[in-house]
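Please open the structure in your viewer and keep the selection tool at hand. The tour below goes from one selection to the next and says what is found at each stop.

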Amino acid sequence: MSTNDRCLFCRIASGDIPARKAYEDDEIYAFHDINPQAPTHILIIPRKHIPSLDDMEGADVQLVGTVVARAAQIAHDLQLTADGYRLVANTGAAAGQTVFHIHFHLLGGRNFGWPPG
Ligand code: AMP
Ligand code: ZN
């Protein structure tokens, strides 16, 4: 598989495409969204390419749990916890997913309405 066959977020996680990194370890990469929807808008992804929450298999469940826990830790580190934050995983095109590599949006720094649009 050539580099260009890999998805956008695989290429960001491997450093092939630049992004403003917020966190990384062996399993997880986090970076600032290029089109922020809140004062803080970070995307947290597993390095493993899993297209969506609908595609998890086997140990992917534990991995995605680790991604969620890391998102909460990043929120804590950025002091978003006191005022609250939103963690969103759009799943499927109808729900607004445009990049088919699991990612959680961590949004904070403003109030959020409900229901979302
Ligand atoms: P979703 O629509 O839930 O699939 O979210 C995809 C997100 O990726 C959007 O919020 C985009 O703004 C963001 N995005 C797309 N390309 C990049 C990029 N090169 N760097 C950072 N964020 C990106
Ligand atoms: Zn990918």
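This is a predicted model: local features need pLDDT of at least 70, side-chain atom pairs count only at pLDDT 80 or more; totals for chains, interfaces and linings use all residues.

Residues are numbered from 1 along each chain as its sequence is written, chains are lettered from A and ligands numbered from 1 in the order in which they are written, and side-chain values use heavy atoms, with hydrogens and water left out.

On its own, ligand 1 has 510 Å² of accessible area, of which the protein covers 83% (Shrake-Rupley method with a 1.4 Å probe; for residues, only the protein chains shown count as cover).

Next, select the 16 residues around ligand 1, of which Asp33, Asn90, Gly96, Thr98 and His105 come nearest (a residue is near if one of its heavy atoms lies within 4 Å). Colour the helix α1 (8-13) and the strand β2 (28-32), the elements that give two or more residues to this shell; α1 provides the largest share, three residues. Helices (H or I, at least four residues) and strands (E, at least two) are DSSP runs numbered from the N terminus.

Now hide the ligand and look at the space that it takes, which is the largest pocket (a molecule sits in a pocket if more than half of its atoms lie within 2 Å of its grid points). On a 1 Å grid over the protein atoms alone, a pocket is an open set with protein on both sides within 12 Å along at least five of seven lines, a cavity is a set of points where a 1.4 Å probe fits but cannot get out, and lining residues have an atom within 4 Å of a point. The largest pocket is lined by 37 residues, with Asp33, Gln37, His41, Leu43 and His105 nearest its centre.

For the next stop, select Pro51, Ser52, Leu53, Ala89, Asn90, Thr91, Gln97, Ile102 and His103, which line the largest cavity.

Finally, visit two backbone features. Trp114 and Pro115 are joined by a cis peptide bond with omega of about 5°, and Pro115 is in the segment after β5. Gln79, in the loop between α2 (60-77) and β4, has a positive phi of about 60° although it is not a glycine.
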